[in-house]
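Look over the sequence and the model shown here before reading on. The paragraphs below go through it part by part.

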Amino acid sequence: MSNDTPYGSPRPIELLAPARNADIAIEAIRHGADAVYMGAASHGARAAAGNSLQDIARAVDYAHQFGARIYVTVNTIIYDDELQAVERLIHRLYGIGVDALIVQDMALLRMALPPIALHASTQCDIHSVEKARFLQSAGFSQLVVARELSIEEMSRIHHAVDVPLEAFVHGALCVSYSGDCQAGFATMGRSANRGECPQICRHKFDLTDADGRVIVAGKHLLSLRDLNRSQQLAAMLHAGISSFKIEGRLKDAAYVKNVVGAYRQALDSIIDANPHLYTRSSAGTSALTFTPDLTKSFNRGYTEYFTTATRPQIRMAAMDSPKWIGEPVGTVISSTPRAIKARLTATLANGDGLGYFDARNEFQGFRLNRIEGNTLFPAQPMAIPAGTQLYRNHDRLRAEMMESDTARRTIDVALTLRTSPWGIALDIADSYGHRATATATLQLSEARTPQSDMRRDILSKTGDTIFRVTNVDDLAGDIFIPKSSLAALRRDATTALSRAIRITHRYDYRRTEDTAAELPATELTYHDNVANRLAADFYRSHSATSIQPALETDRAPLQESTRIMTTRYCLRRELGYCLRTPQGRQLPQPLFLRSGSMRLALHFDCPNCRMHVHTTK
């Protein structure tokens with residue numbers, strides 16, 4: 001399949017933003033997102049980010065005036081006694097105009113649903129051509145490929161399917177293949193596949209040998225840095241990615257504004273340079289009042305993960321802290337409990353949040369009460385050794401700016417004023433093919449003074465609408481038109497155009513299921529997350545010969561050694577002891593992770609370059 005088919009040329013490109021609530025969804029659209037994903041009231045993979053139908057409808061109404069889209073996550077596994085409630089929820093989401101559902105449970109493909117488009121969630125763990133082909137055949141309209149894939153692997157999947165591919169470009173990383181992580185449920189009774197991930201990968205662990213001897217003490221050994229593929233967008237586009245997804249449905253508005261703004265500018269520069277290949281998938285232009293900077297938003301340090309190599313040698317974990325330590329701003333020269341002298345590399349402000357690593361390598365934070373020259377006065381007494389690196393993770397001035405109105409998104413329109421048999425008419429058109437006309441009954445009479453400048457001035461004032469007038473064609477001649485009539489005509493015309501844009505919004509619909517499609521593997525285990533009878537029926541209809549229930553159902557009891565994670569991240573490689581190298585022999589086998597009463601066994605699958613994490617006593 002060519003790089004441009006089946007979309008034709010140019011191919012629509014989507015910047016997909018997260019939203020915790022409707023207000024943040026609107027800000028994401030305002031700052032340049034082509035689509036937003038947000039949680040429904042239940043069954044989203046972030047239980048703390050649910051939204052009412054009314055709030056989702058408000059986001060839909062705002063997005064559709066730009067041709068932007070709202071996707072709703074219904075991507076947990078579903079229990080049998082919840083199936084009817086989920087079915088009712090989806091009918092209501094369809095009724096308020098939601099563009100697509102992001103899902104992982106195949107039960108939805110056996111429900112009596114409206115024809116709403118279904119997107120295969122990252123929880124579906126799409127990391128092979130065979131899995132992608134099957135899910136396309138099952139009726140999915142868009143596929144979210146695994147975060148672990150390299151650009152070359154993305155390209156192979158793109159050439160094997162004819163639905164758009166979606167890939168994460170920014171934000172927190174799951175150390176396990178998404179959807180195939182039972183660690184939270186197995187160790188703490190909280191399931192990521194039910195929206196309640198306890199994030200044990202952010203815990204502090206000791207690495208031990210079989211005799212309990214500590215090899216590495218007190219490090220966040222499974223805690224990955226945050227994904228940042230901002231420098232790989234052109235390569236991802238060439239590989240066939242059409243939807244660029246930002247992670248962060250629990251993040252605040254400032255984070256979403258900044259990250260969306262940064263990726264909007266980066267994608268636009270590529271699209272503008274290649275108009276024959278790519279086009280934006282929504283309308284309008286966002287004007288920002290700030291300069292996006294990815295270093296200014298929460299991150300644990302950045303990694304491109306496996307984007308450019310399946311066995312990267314660069315480090316990708318944030319072992320010292322799972323928190324955002326911020327940007328380096330200087331080094332301590334000397335300190336007393338009340339004052340810190342520092343060699344600064346950034347301009348600080350009263351109220352900034354600063355931090356440092358103490359002698360135990362624990363990250364400590366404090367608020368800057370005031371600053372005089374190179375002397376810092378912390379809000380609470382502390383003594384920091386000379387030579388300590390200082391970081392800023394709260395920039396007060398920038399935070400205050402980001403709380404204000406930081407963007408306006410507008411659609412350019414052209415106006416034509418003309419006379420009609422009954423009075424006057426105003427035609428309005430945007431560059432996306434939408435048109436509308438407003439008319440007014442008026443007794444025509446000749447004007448005593450020139451009218452064109454006054455008319456252009458009044459008609460160009462679009463106020464708080466989403467439209468920006470770029471041209472006014474005045475064909476009304478020398479007739480007199482009252483200013484109030486012109487203003488009313490302009491309001492009627494913009495209202496009519498806004499209505500025309502909304503009612504002609506283009507929806508995708510669910511694809512037809514190929515009932516003859518066969519599963520890549522016919523023996524399903526608890527890793528396939530089958531938690532209800534409808535999902536089991538779906539898999540049996542596609543050639544499943546045996547189905548082991550999901551662990552969360554309690555019908556697949558935990559064994560003493562149960563695989564609860566599979567990761568492409570390898571702790572041996574991260575520490576410099578890959579078994580493919582001579583250094584690998586210096587680190588004993590087997591290896592274990594210990595955090596309090598939790599003890600996990602590590603198994604290294606070197607032929608496939610994977611690490612497996614198992615429960616153990």
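Which residue of β30 does T566 stand opposite? T566 stands opposite H612 in β30. The model is predicted, so local features need pLDDT of at least 70 and side-chain atom pairs count only at pLDDT 80 or more, while totals for chains, interfaces and linings use all residues. Residues are numbered from 1 along each chain as its sequence is written, and side-chain values use heavy atoms, with hydrogens and water left out.

Some terms come first. Helices (H or I, at least four residues) and strands (E, at least two) are DSSP runs, numbered from the N terminus. Two strands pair if DSSP finds at least two bridges between them. β27 and β30 pair in the antiparallel sense, over 4 bridges. A residue is called buried under 20% relative accessible area, exposed over 50%, and partly exposed in between (1.4 Å probe, protein chains only).

A probe the size of a water molecule, rolled over the atoms, shows where empty space is left. Here the search uses a 1 Å grid over the protein atoms alone: a cavity is a set of points where a 1.4 Å probe fits but cannot get out, and lining residues have an atom within 4 Å of a point. Grid points are joined across faces, edges and corners, and a volume is the space filled by probe spheres set on the points. The count comes to 3 cavities of 30 Å³ or more. The largest cavity holds about 110 Å³ of space. Its lining includes C570, R572, C578, F604, D605 and M611. By type, the lining divides into 7 nonpolar residues, no polar ones and 5 charged ones. In this count Ala, Val, Leu, Ile, Met, Phe, Trp, Tyr, Cys and Pro are nonpolar, Asp, Glu, Lys and Arg are charged, and the others, Gly among them, are polar.

Two of the lining residues, C570 and C578, are cysteines. A disulfide is a covalent bond between the sulfur atoms of two cysteines. The cut-off used here is a pair of cysteine sulfur atoms within 2.5 Å, and the structure holds 0 disulfides. C570 is buried, with a relative accessible area of 12%. Elsewhere, the sulfur of C174 has its closest cysteine sulfur in C197, at 6.5 Å, which is also too far for a bond. C174 is partly exposed at 31%.

Now turn to the helices. Helix α1 (residues 22–30) has 7 of its 9 residues buried, so the helix is largely enclosed by the rest of the structure. The buried residues are A22, I24, A25, I26, E27, A28 and I29. They pack against β1 (11–18), β2 (35–39), α2 (53–64), α8, β13 (285–288) and β21 (407–420). Helix α8 spans residues 253–273 and contains A273. A273 counts as exposed, at 54% relative accessibility.

F134 lies in helix α4 (residues 129–138). At 5% relative accessibility, F134 is buried. Contact means heavy atoms within 4.5 Å. Leaving aside neighbours within four places in sequence, F134 is in contact with A517, E518, L519, P520, F538 and H542. The loop between β5 (117–120) and α4 holds D125. D125 is not a glycine, yet it has a positive phi of about 55°.

A positive phi is also found at N361, where the angle is near 65°. N361 sits in the loop between β17 (353–357) and β18, and it is partly exposed at 30%. Strand β18 (residues 363–372) contains I371. Not counting residues up to four places away in sequence, I371 touches L344, L348, N350 and L376.

From Q589 to P590 the bond is cis, with omega near -5°, and P590 is in the loop between α13 and β28 (591–595).

Definitions and conventions:
On a 1 Å grid over the protein atoms alone, a cavity is a set of points where a 1.4 Å probe fits but cannot get out, and a pocket is an open set with protein on both sides within 12 Å along at least five of seven lines; lining residues have an atom within 4 Å of a point.
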